Amino acid sequence: MKKNINSTQVTVVSSPKKALPPYTAFLLFNFVFFMLDTTASYFQIYLNDIGFTKTMIGTVSGTASLVALFFQPIFGAVADASKSKTRILQLFFLITAVLYPLLLINNSMAYILIIYTVFVVFRRFQPSLNTAMSVEFSEQSGKPYGPIRMMGAIGYALMMMLISHIAGQEGGIPRTFYMFTAIAMVNIVILFFLPKMEGHNTRTSGSKVSPAALLKCKPVITLILFQILLSIANSFGNSY
């Protein structure tokens, strides 16, 4: 089933009836999705614990963020051309769920730099794709987006209390890496209950839009620059 909303094509593909109503599934998904962020701050603490200097920590975090920045438009084009953005997100969850605990295997800077960079490349795109899917579903269904986003804040707050308790125990910091994997796997399962959503640039969605056309739009360029500055500020906070 295809439906146009305010001249923006949003394609939701009909699928067998789900065990959960779509809106409930999106509420639950966002509730669990933002739990992933609770483990991020403990990565730098782990690096400090294994003897990394502030310069080494900054190098690892900065390199990963810079490389991930170049991959964002590529992943965006892939998602737009995909027949199912939910499957793309599931694949990215699986990759990061496997990679994150691998950081515990070796303490060398070169190893951690490579594994963490690949991890961040696939992790950074997940919030953007989640937001796009949630907003599109909200517009298509007529359901409010506010509660969907609010569930993310509630999930984050509740999980942060648990993660901080785990991290505070002796040898607890490495356990937060496995907690990330567990939360990511739960997200993969919940995504099966969401409706299948096509990208905007698939053959069945109608006319295609060139990504280069966005670069001619001043508001889009302004938002891109703002996001870059925001990412830099967040990186400083997360790194130190």
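Trainee: Leaving aside neighbours within four places in sequence, which residues is Gly155 in contact with?

Mentor: Gly155 is in contact with Phe31 and Met35, once those sequence neighbours are set aside. Please bear in mind that this is a predicted model.

Trainee: Where is Gly155 found?

Mentor: Gly155 is found in helix H7, which covers residues 146-168.

Trainee: Is Gly155 buried or exposed?

Mentor: Gly155 has a relative accessible area of 0%. The cut-off for a buried residue is under 20%, so Gly155 is buried.

Trainee: What separates the C-alpha atoms of Gly155 and Thr38?

Mentor: Those two C-alpha atoms are separated by 9.7 Å, while Gly155 and Thr38 are 117 residues apart along the chain.

Trainee: What about contacts in the protein overall, between residues at least 6 apart in sequence?

Mentor: Of those contacts, 82% join residues that are at least 24 apart in sequence.

Trainee: And how many helices and strands are there in the protein?

Mentor: The protein has ten helices and three strands. Along the sequence, the pattern reads β-β-α-α-α-α-α-α-α-α-β-α-α.

Trainee: What percentage of the residues is buried?

Mentor: Buried residues account for 41% of the 240 residues in the protein.

Trainee: Let us turn to helix packing. At what angle do H4 and H6 pack?

Mentor: Helix H4, residues 85-102, packs against helix H6, residues 125-141, at an angle of about 155 degrees, and their axes are 10 Å apart. H4 is therefore roughly antiparallel to H6, since the cut-off for that label is over 145 degrees.

Trainee: Is their crossing left-handed or right-handed?

Mentor: H4 and H6 cross in a left-handed manner.

Trainee: Which residues meet there?

Mentor: From H4, the residues are Lys85, Thr86, Ile88, Leu89, Phe92, Phe93 and Thr96; they meet Phe125, Gln126, Leu129, Met133 and Glu136 in H6. By class, this contact of H4 with H6 comprises seven nonpolar, three polar and two charged residues.

Trainee: Let me pick Thr96. What does its side chain make a polar contact with?

Mentor: The side chain of Thr96 makes a polar contact with the side chain of Gln126, at 3.2 Å.

Trainee: Which other residues does Thr96 touch, not counting those up to four places away in sequence?

Mentor: Besides Gln126, Thr96 touches Phe119, Phe122, Arg123 and Phe180. Thr96 is buried, with a relative accessible area of 0%.

Trainee: Now Ser84. Where does that residue lie?

Mentor: Ser84 lies in the loop between helix H3, residues 54-81, and H4.

Trainee: Does Ser84 count as buried or exposed?

Mentor: Ser84 counts as buried, because its relative accessibility is 8%. Leaving aside neighbours within four places in sequence, Ser84 is in contact with Lys196 and Met197.

Trainee: Back to H3. At what angle does H2 pack with H3?

Mentor: Helix H2, residues 41-49, and H3 pack at an angle of about 140 degrees, with axes 10 Å apart. The two helices are therefore oblique to each other.

Trainee: Which residues of H2 and H3 meet?

Mentor: Phe43, Gln44, Leu47 and Asn48 in H2 meet Lys54, Ile57, Val60 and Ser61 in H3. The contact of H2 with H3 divides into four nonpolar residues, three polar and one charged.

Key:
Residues numbered from 1 in each chain as written. Predicted model: local features only at pLDDT ≥ 70, side-chain atom pairs only at ≥ 80, totals over all residues. Heavy atoms only, no water. Axes fitted to C-alpha atoms, helices over the stretch in contact; angles between N-to-C directions. Helix = DSSP H or I, 4+ residues; strand = E, 2+ residues; numbered from the N terminus. Parallel < 35°, antiparallel > 145°, perpendicular 65-115°, else oblique. Left-handed = near helix turned anticlockwise from the far one by under 90°. Contact = heavy atoms within 4.5 Å. Nonpolar A, V, L, I, M, F, W, Y, C, P; charged D, E, K, R; others polar. Buried < 20%, exposed > 50% of the residue type's maximum accessible area, 1.4 Å probe, protein only. Polar contact = N/O pair within 3.5 Å; in protein donor to acceptor, adjacent residues only side chain to side chain.
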